Amino acid sequence: MKPHSTFLKLFLGNLLVMGILLTLGGWVAFSRLDAGYKHESQQNQDRTLRLATQHFEELWPLEQPRVDRICKQMFHDPTERLTVVVADGTVLGDSSADPHTMTNHRTPDRPEILAALSGQAGSNTRQSGTLGLPMRYAALPLRHDGQVVAAIRLAVPVKAIAEGESFLRQTLVWAAFAGIVTAVLLGLLINWIWYVPLRRVAIAARQLASGDLSKRARAGGGGELEELARSLNEMRDRLREQISRLDAQSRNLQTVMASLQEGVIATNPAGEIVMMNRAAGALLSVSADQASGKRLDTTVPVPELISVHDRAGKMDKTVSGQFDTDAPQGRRSIEVHAMPVADSGPDVACVLVIRDVTDLARATAMKSQFVANASHELRTPLATIRAAVDSLSASDPGDSNEVRKLSAVLDRHVSRLEGMTNDLLDLHMVESAKVALRLQDITLGDLAEWVRAQFATTAQEKGLTLEVAADQRDNRLRSDRKLLELILRNLLDNAIKFTPAGGRVECRFETAGQAVTLRVCDTGCGIRPQDQPRVFERFFQGEASRTGDSRVRGTGLGLAIVKHAAERLAARIELQSELGKGTSVLVLLGSSGATG
């Protein structure tokens, strides 16, 4: 800062201090003069009151009219009021009012009169109810023959010194005006020299503290203020770079967390949620956006998850667990890993990684069930074949009837094993996503002819009526013919197998707009209501198929093949069945009939 600039600013600062001191001195002087004037006014009031009291003592006793007349003769100024009150509080005379209209004055709100009637001088300052001005009331006792017979009270307004002398009042007014003008001018000058640049720097610092980095600090004139503004701007630039870098890192982290299929929850040492991604919220049926800052045990009321979290914190090592929970999409199996974070400070103490292992658990259970069911289904024909082979080896070669019977048993069960093997291969084929669909245009009439050619003879041999019909034979369906034939073969095979002689099996191809429905109906044994939800499971067989003739028993894989083939074709299956009356299965295909 330049020397003359420093001098100017210091000079103006001293001038301001002097102005303040002069103002304070003037105010003190005025207060002292005002106090002196009030004291003098009180002395004049007391002197006048004593003269009035002496005058009444010389004339006493007096009649009430004369007392009142003397009061009005002595004081003509309405702001000054003389009142004479006798011992019982009755007003005998008043310089400004009719005593007959005045109330009794021996009351607690007039302490000066009570004091005078008790033989002492009294005074009090209060607001006048008549004039609305602050008044000083002074009273002296009026004695006659040594007894207090009345109280003489004189009331005058409390006046300031400015009201007493016109010249002094005008001088003080002009002096005050000059002081105000000088203070305003000095204030504006100081504001221009010091306040404006300081305010600019302060505003810039406040904006910087609030996170607003869009504006720069300005402070002209050179010196320390300009250097301070420059330092603030440099700090602003560095903060802006750091915030930009942190913001980019935060966005990248949020993007990564949002794209994770696994749920992630981070908690602080107090057990409060610091971060939760949407995958975790979806798995636990919790709003991830509203979970931040809340306690984990109240936001996610899952005892198993809370237990894993708490054990990880106490044991200071990774703890894993698995539990089942109800979700909008059904019962889900959840796997959780809790990992304590060392040296994380007060922000993150534990990270929980949550995975939905429902499909894995279901696949494991399905695999175990499949192995058990397959073993069970294979054991019966294999045991029968082993028994037939043993019987055949032990029988007499010349016994042709026994050999023929055992050969029929072997043929039947080998055929069953072949059918089961073929069904397993078909099931693998429809379940494998690696096998691409081979889409082609197929007319409904061709499919109807294929059904008739494949199953007419079998139905006739069993004594069944087979009806095959297509609403619009020339209507084309773009789909995979092999999968369609697989669906129709298994549905019609079941319908013919479980429909007794004399029954009817119907296969219809119905068109509704761009959609095609394959309908296979029979008048067979039907399916019990409790079995209907499970008929599409592998190796599941209804009660009728399990307890009926073994020659017509299926492998339990037909409807499972139909289900998976329909899923590959993006079709929907509906089953309607009534025990003892028959079954109807509908396969609803879209316009294309398949998905890639």
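Which residues of helix 14 are buried? The views below are drawn from a predicted model, in which local features need pLDDT of at least 70 and side-chain atom pairs count only at pLDDT 80 or more, while totals for chains, interfaces and linings use all residues. Residues are numbered from 1 along each chain as its sequence is written, and side-chain values use heavy atoms, with hydrogens and water left out.

View A. Helix 14 covers residues 481–497; helices (H or I, at least four residues) and strands (E, at least two) are DSSP runs, numbered from the N terminus. The buried residues (under 20% relative accessible area, 1.4 Å probe, protein chains only) are L483, L484, E485, L486, I487, L488, N490, L491, L492, A495 and I496. At the N-terminal end, D480 caps helix 14, with a side-chain oxygen 3.0 Å from the backbone nitrogen of K482.

View B. The strands follow the order 2-1-5-4-3, with antiparallel pairing; two strands pair if DSSP finds at least two bridges between them. Strand 2 (91–94) and strand 3 (122–127) are at the edges and have a single partner strand each, so one side of each lacks a neighbour in the sheet. Strand 3 pairs with strand 4 (residues 134–144) over six bridges, and T125 stands opposite R136 in strand 4.

**View C. Strand 14 and its partners.** Strand 14 (residues 504–512) pairs with strand 12 (residues 465–470) in the parallel sense over six bridges, where A469 is opposite R508. With strand 15 (residues 515–522), strand 14 pairs in the antiparallel sense over eight bridges, and F509 stands opposite L518. Two residues separate strand 14 from strand 15 in this hairpin, and G513 in the turn has a positive phi of about 70 degrees.

Note on methods
Expected span 1.5 Å × (residues − 1). Buried < 20%, exposed > 50% of the residue type's maximum accessible area, 1.4 Å probe, protein only. Polar contact = N/O pair within 3.5 Å; in protein donor to acceptor, adjacent residues only side chain to side chain.
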